[in-house]
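Morning, everyone. I have one structure to show today, and I'll keep it short.

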Amino acid sequence: MDELLAPIQDVLEGQIDFHGQHLADLLNTVLLVISGVVSFLVGYIYNDIHLTLWVGLGGSLFTALVVIPPWPIYNQKPQRWLNKDGSSGGPQVLVDGVKVA
């Protein structure tokens, strides 16, 4: 049962890595700027502030949909953390009988 629930739990936990945080920040900035420019142009062309606000709101909601959920693209390079005993969980290297890294 755990093997069936593990992928669902990974998705719901919302884990993203450092590269994913950078990508989300970059997407947030770019999409909001594009949304602002498009809403300004639409409002200017149609001379309608109401339409400008709705296009800006739509762009903001689209940006939130892209950036806020923990999509798998945001966790492609997860960081390896140390275990509780201080080991990284990887292969242990011994040099002259002394554990290295």
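Predicted model: local features only at pLDDT ≥ 70, side-chain atom pairs only at ≥ 80, totals over all residues.

Now the layout. The protein has three helices and two strands. Along the sequence, the order reads α-α-α-β-β.

Next, burial. The protein has 101 residues, and 14% of them are buried. The accessible surface comes to about 8,400 Å². Carbon and sulfur atoms account for 68% of that surface.

What about contacts across the sequence? Take the pairs at least 6 apart in sequence. Of those contacts, 59% join residues at least 24 apart.

Now zoom in on Thr63. You'll find Thr63 in helix H3, which covers residues 49-67. Is Thr63 buried or exposed? Buried: its relative accessibility is 3%, and the cut-off for buried is under 20%. Which residues does Thr63 touch, leaving aside neighbours within four places in sequence? Asn28, Leu31 and Leu32.

Over to Tyr44. Tyr44 sits in helix H2, residues 18-46. Its relative accessible area is 59%. Exposed means over 50%, so Tyr44 counts as exposed.

Tyr44 also belongs to a nonpolar surface patch.

Notes. Residues numbered from 1 in each chain as written. Heavy atoms only, no water. Helix = DSSP H or I, 4+ residues; strand = E, 2+ residues; numbered from the N terminus. Buried < 20%, exposed > 50% of the residue type's maximum accessible area, 1.4 Å probe, protein only. Contact = heavy atoms within 4.5 Å. Patch = residues over 30% accessible without salt bridge, like charges linked within 9 Å, V, L, I, M, F, W, Y side chains within 5 Å. Areas by Shrake-Rupley, 256 points an atom, 1.4 Å probe, with all protein chains shown as cover. Salt bridge = Lys/Arg side-chain N within 4 Å of Asp/Glu carboxyl O.
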